[in-house]
Amino acid sequence: MERRSLRLDTLLMLRWLAVAGQAIVIVVVYHGFGYPLPVGWALAAVGISIWLNVALRLKYPNAHRLSNTEAATILAFDIVQLALLLYLSGGLENPFALLFLAPVLISASALPPSTTVYLGLLALVCALVVAAVHQPLPWAADSPLRLPPLYQAGVWLAIFLAMSFVGVYAWQVAEETRQLTDALTAAELVLAREQHLSALDGLAAAAAHELGTPLATIATVAKELERELPAEGPHADDLRLLREQSNRCREILKKLTSLGSDEAPFDRMPISMLLEEVAAPHRLLGVAVRIERPADRSTEPILQRNPGLLYGLGNIIENAVDYAEREVVVSIRWTPRDVVVTVVDDGPGFAPVLLGKLGEPYITASSQERKKAAAGDESGLGLGFFIAKTLLERSGGMLTIANRVPPEHGAIVRIGWLRSSLEVEPATAALPS
């Protein structure tokens, strides 16, 4: 499936506006001002555009998305049709020559860059042709208007420059919008996956509850049969095995039941314990991960295990471990109003060019500058960091990113929450130190 496509409805709406504008201008110039104009040929060119609109509407359904080839062909037709109208009405002396920009702008915002380049070249060639060969500009017969060739060359150059600037700008804006949409979709998929994994705990508990009764019945029947049948009979070993396996199944289900229970020991936990859980997988990578917390933990915030929070904090710590030389320090501070988690590494730090871009999707190529001082491959901070930032902000957090002050080196990522938005219950009971 092509990543970029143009909706037929959108293009047809723009083309109907163009047709209406062209027809109105022709009628006003010929009948309103009384200027000489080959009106039959001009209306015929507009009629062909009308016919194409009707044919496209009859051929395709309302929700049809044009392929790149189809969209480029239609836009190329629009360029040629505009060139024909300009040939009939003064070429580049006609102020409507600037409309050569419209098809190129549409292509830049919705089609691949190569297609836009081809359409831009076609528009420039058509503009050059109508500058050299065209009918006189419709004007009063007693004082005909003739613009010098140098002025027409300036108009052509202005069209070229405007086409280049507007095309690149429209493409850049559209590309950033597409990247942001793709990244948000990826964030939604990650969050959905994490939530699905958390939901499996409850599903396992429900399954264990439902299977408990039939397994208990099987165990009871096995015991009764074991008592009724001879101890050394041919089925004694089978019955003993059946009873042992049913007991084993009941033990397994008992463990599964605790996973989804509201009384599960890790369903709600202090924030320091949550960070220990997040940091644990990264302690096996040769970098020390140290958790710092206040000595007095009597008012430590109690959090619900949240998939988005776990993934976001895990990604931040993982990035710090990837770039650290020896140690990553994760510090926690809280007040009655705020909770702040700070992740500090002793790596090369963020490249200055990255500090203003981190949190945007797809900046992997630029992030290579951060690791010029370190050996190894660059994994990138683009999409993963964007997803982490998005998930943490959904939990109510706000990220700030900076480098450590020289002579120290490394990166600092600070996440702050209002305690009321993060904590699930008041921290009234003292926690063991």
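The following questions and answers go through a predicted model of one protein chain.

Modeller: Residues are numbered from 1 along each chain as its sequence is written, and side-chain values use heavy atoms, with hydrogens and water left out. As this is a predicted model, local features need pLDDT of at least 70 and side-chain atom pairs count only at pLDDT 80 or more, while totals for chains, interfaces and linings use all residues.

Biologist: How many helices and strands are there in the chain?
Modeller: Helices (H or I, at least four residues) and strands (E, at least two) are DSSP runs, numbered from the N terminus. Counted in this way, the chain has 12 helices and nine strands.

Biologist: Is valine 289 buried or exposed?
Modeller: Valine 289 sits in strand S4. Contact means heavy atoms within 4.5 Å, and, leaving aside neighbours within four places in sequence, valine 289 is in contact with Ala279, His282, Arg283, Val321, Val328 and Val330. Buried means under 20% relative accessible area, exposed over 50% and partly exposed in between (1.4 Å probe, protein chains only). Because its relative accessible area is 8%, valine 289 is buried.

Biologist: What separates the C-alpha atoms of valine 289 and valine 330?
Modeller: The two valines are 41 residues apart along the chain. Valine 330 is also one of the residues in contact with valine 289. Their C-alpha atoms are separated by 7.3 Å.

Biologist: Which helix gives the largest share of the lining of the largest pocket?
Modeller: On a 1 Å grid over the protein atoms alone, a pocket is an open set of points where a 1.4 Å probe fits, with protein on both sides within 12 Å along at least five of seven lines; lining residues have an atom within 4 Å of a point. The largest pocket is lined by 36 residues, with Gln22, Leu82, Leu85, Phe96 and Leu99 nearest its centre. Helices H1 (8-32), H2 (39-59), H3 (68-88) and H4 (101-110) each supply at least two lining residues. The largest share, 12 residues, comes from H1.

Biologist: Why are phenylalanine 165 and tyrosine 169 separated by about one helical turn, and in which helix?
Modeller: Rings of Phe, Tyr and Trp (its six-membered ring) pair if their centres lie within 6.5 Å; planes under 30 degrees apart count as stacked, over 60 as edge-to-face and the rest as tilted. The structure holds four aromatic pairs, and the one between phenylalanine 165 and tyrosine 169 is stacked, at 6.4 Å centre to centre with 10° between the planes. Phenylalanine 165 is exposed at 59% relative accessible area, and tyrosine 169 is exposed at 53%. They are about one helical turn apart because they lie four residues apart in helix H6.

Biologist: What is omega for the peptide bond from proline 406 to proline 407?
Modeller: Proline 407 is in the loop between strand S8 (398-403) and S9. The peptide bond from proline 406 to proline 407 is cis, with omega near 10°.
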